[in-house]
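Biologist: I am new to this structure. Could you take me through the ligand site and then the salt bridges?

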Amino acid sequence: MRKVGTIIDNLRSGEKAPDRHENPYLSEALQLSEYLLTQSELQNIFPNVFQEMQNPFILEVGCYMGKNVIELAEQNNKMNFLGIDITYKRVVKSARKLKRFNISNGKIAICDARYLINELLPEQFLDGICVFFPDPWPKDRHEKNRLLNQQFIQAVYQKIKPNGFFWFKSDHQVYFTQTNDLLLNSGFVADDLDNNQPRAQPRNIIGGPYETAFQKLFINKGIPFYQRVYLKK
Ligand SMILES: C[S@@+](CC[C@H](N)C(=O)[O-])C[C@H]1O[C@@H](n2cnc3c(N)ncnc32)[C@H](O)[C@@H]1O
């Protein structure tokens with residue numbers, strides 16, 4: 001599990017960044033504290049992440065440059081969206097846009113998904129989780145690095161409320177199939193049994209059908225991808 005965001009913690013407490021870490025994203029992070037949390041800040045304020053905590057809480061794992069959190073939060077203003085990622089550049093770019101559009105029901109944290117799921121979230125907390133195009137680690141010897149393994153999915157299952165969703169998309173057919181099997185074996189039920197084809201979006205998400213940043217790239221290049229929505233029953 002990676003401890004991420006410590007340089008922002010240090011800067012926010014008044015320390016100087018080590019020379020090799022001087023970069024514009026770190027100094028910008030100081031101006032974005034309303035929208036960008038570090039792992040330890042998230043831990044300190046948890047569970048009061050949003051102004052309206054009575055609204056559904058949706059987590060996006062691997063939020064990349066923030067497009068999905070921003071657009072989903074704008075279209076679903078009675079839901080809260082927390083996007084997490086592990087690189088300074090991506091979380092700063094994401095939080096910058098949330099600030100620009102003055103979005104109060106979207107936030108970003110620099111946080112490892114394994115830490116959030118295994119250590120921070122209480123049981124039956126999330127109303128939904130989005131995992132869109134997680135890094136596929138396509139080489140055999142790197143497969144062990146994939147986020148979606150049995151342990152992670154079983155832990156996610158515990159952290160989702162009954163009827164909460166797991167919204168999954170991948171361009172990697174083998175990773176998709178293996179994850180599909182793990183989800184179904186962990187107690188999730190595909191939310192398309194009445195539909196005869198995979199549902200592209202959870203029923204309670206307004207707007208769309210929603211296309212993520214990576215999804216648009218794959219569509220433009222003619223690369224196939226796979227998607228399905230699962231529910232905790
Ligand atoms: C392919 S990109 C996601 C694309 C984006 N979700 C979309 O659909 O447009 C995968 C992202 O997951 C992030 N990531 C990888 N491991 C992670 C982890 N353990 N916790 C949180 N984010 C992670 C990467 O930094 C990267 O930004």
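Biologist: How do the residues of the shell around the ligand divide into nonpolar, polar and charged?
Modeller: This is a predicted model. In it, the shell around the ligand holds 8 nonpolar, 3 polar and 6 charged residues.

Biologist: Which of the residues around the ligand come nearest?
Modeller: There are 17 residues around the ligand, and the nearest are Asp85, Ala113, Phe132, Thr212 and Phe214.

Biologist: What lies 2.9 Å from a polar backbone atom of Phe214?
Modeller: That is an oxygen atom of the ligand. Phe132 also takes part through its backbone, with an N or O atom 2.9 Å from a nitrogen atom of the ligand. Glu60 uses its side chain instead: a polar atom there lies 3.4 Å from a ligand nitrogen.

Biologist: How much of the ligand's accessible area does the protein cover?
Modeller: On its own, the ligand has 600 Å² of accessible area, and the protein covers 92% of that.

Biologist: And which pocket is the space taken by the ligand?
Modeller: The ligand takes up the space of the largest pocket. Helix H6 (113-120) and helix H9 (213-221) are the elements that give two or more residues to the shell around the ligand.

Biologist: Changing topic, how many salt bridges does a search of the whole structure find?
Modeller: The search finds 9 salt bridges. One of them pairs Asp127 with Lys161, whose closest N and O atoms are 3.1 Å apart.

Biologist: Which parts does the pair of Asp127 and Lys161 tie together?
Modeller: Asp127 belongs to strand S5 (residues 126-132) and Lys161 to strand S6 (residues 160-170), so the pair links parts 34 residues apart in sequence.

Key: Residues are numbered from 1 along each chain as its sequence is written. This is a predicted model: local features need pLDDT of at least 70, side-chain atom pairs count only at pLDDT 80 or more; totals for chains, interfaces and linings use all residues. Side-chain values use heavy atoms; hydrogens and water are left out. A residue is near a molecule or strand if one of its heavy atoms lies within 4 Å of it. A polar contact is a pair of N or O atoms within 3.5 Å; within protein, one must be able to donate a hydrogen and the other to accept it, and residues adjacent in sequence count only if both atoms are side-chain atoms. Accessible areas come from the Shrake-Rupley method with a 1.4 Å probe; for residues, only the protein chains shown count as cover. On a 1 Å grid over the protein atoms alone, a cavity is a set of points where a 1.4 Å probe fits but cannot get out, and a pocket is an open set with protein on both sides within 12 Å along at least five of seven lines; lining residues have an atom within 4 Å of a point. A molecule sits in a cavity or pocket if more than half of its atoms lie within 2 Å of its grid points. Helices (H or I, at least four residues) and strands (E, at least two) are DSSP runs, numbered from the N terminus. Ala, Val, Leu, Ile, Met, Phe, Trp, Tyr, Cys and Pro count as nonpolar, Asp, Glu, Lys and Arg as charged, and the others, Gly among them, as polar. A salt bridge is a side-chain nitrogen of Lys or Arg within 4 Å of a carboxyl oxygen of Asp or Glu.
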